[in-house]
Amino acid sequence: LLDDDDDEDEDEEEDDDEDDEQEINFPQGAINAALGFDAGPGADSMAGQDGNITMSNQQVYSELKDRVLDTAGGFVELVGGARDEDDEDGADDGQPKPYRPPARVPDPELTAGEVVTTVLDALLHNDVPNPDAGVGILFGYSSPGSAVMSSIRDEGMTAAEYSEFLSETEYKVVFDHSEVAI
């Protein structure tokens with residue numbers, strides 16, 4: 001027969017075990033999206049005929065805003081590029097890695113921060129593997145409505161002409177910078 005003091009000790013041990021486990025809190029909306037269901041009124045599934053889940057731009061923005069954009073750390077994580085510890089070769093000998101132009105431009109798998117660092121790295125090595133290749137990469141990541149793309153489309157501006165423009169203005173720093181911080 002146990003007395004009341006022994007019961008309390010057992011309860012405290014169980015509570016300690018529960019505290020050691022990290023609880024993962026998945027929002028119901030994420031669970032519903034993963035399962036393909038919309039808990040909203042009158043909607044029993046968000047999955048289309050092809051099985052893909054569709055969300056409106058407003059739904060995506062709302063989720064981003066609630067989870068990422070309301071915190072500085074979340075925003076930095078969203079736009080941040082690869083960290084030093086993420087290097088593929090794992091080498092940390094203090095030597096700069098040789099520049100390799102991106103294999104795919106634009107690359108939809110890059111984060112916003114990785115795009116910025118990719119373009120700035122390409123401009124730093126503008127003439128690798130050929131003259132004005134870095135400006136060509138900038139062109140590849142420019143949005144269709146940007147001033148750069150308008151100049152290409154409307155005026156027939158070339159990478160060499162844009163490179164010359166950048167070199168003669170305060171933007172010349174993109175060709176000769178030592179560090180990028182986002």
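1. Helices (H or I, at least four residues) and strands (E, at least two) are taken here as DSSP runs, numbered from the N terminus. On that basis the protein chain holds eight helices and zero strands, and its elements, read from the N terminus on, run α-α-α-α-α-α-α-α.

2. This is a predicted model, in which local features need pLDDT of at least 70 and side-chain atom pairs count only at pLDDT 80 or more, while totals for chains, interfaces and linings use all residues. Residues are numbered from 1 along each chain as its sequence is written, and side-chain values use heavy atoms, with hydrogens and water left out.

3. Of the 182 residues of the protein chain, 20% count as buried, where buried means under 20% relative accessible area with a 1.4 Å probe, protein chains only.

4. Not counting residues up to four places away in sequence, I137 touches Y99, P102, V105, V119 and A122, contact meaning heavy atoms within 4.5 Å.

5. In the contact of helix α6 (residues 133–141) with helix α8 (residues 159–167), V135, G136, L138 and F139 in α6 meet A159, Y162 and S163 in α8.

Terms used
Axes fitted to C-alpha atoms, helices over the stretch in contact; angles between N-to-C directions. Buried < 20%, exposed > 50% of the residue type's maximum accessible area, 1.4 Å probe, protein only.
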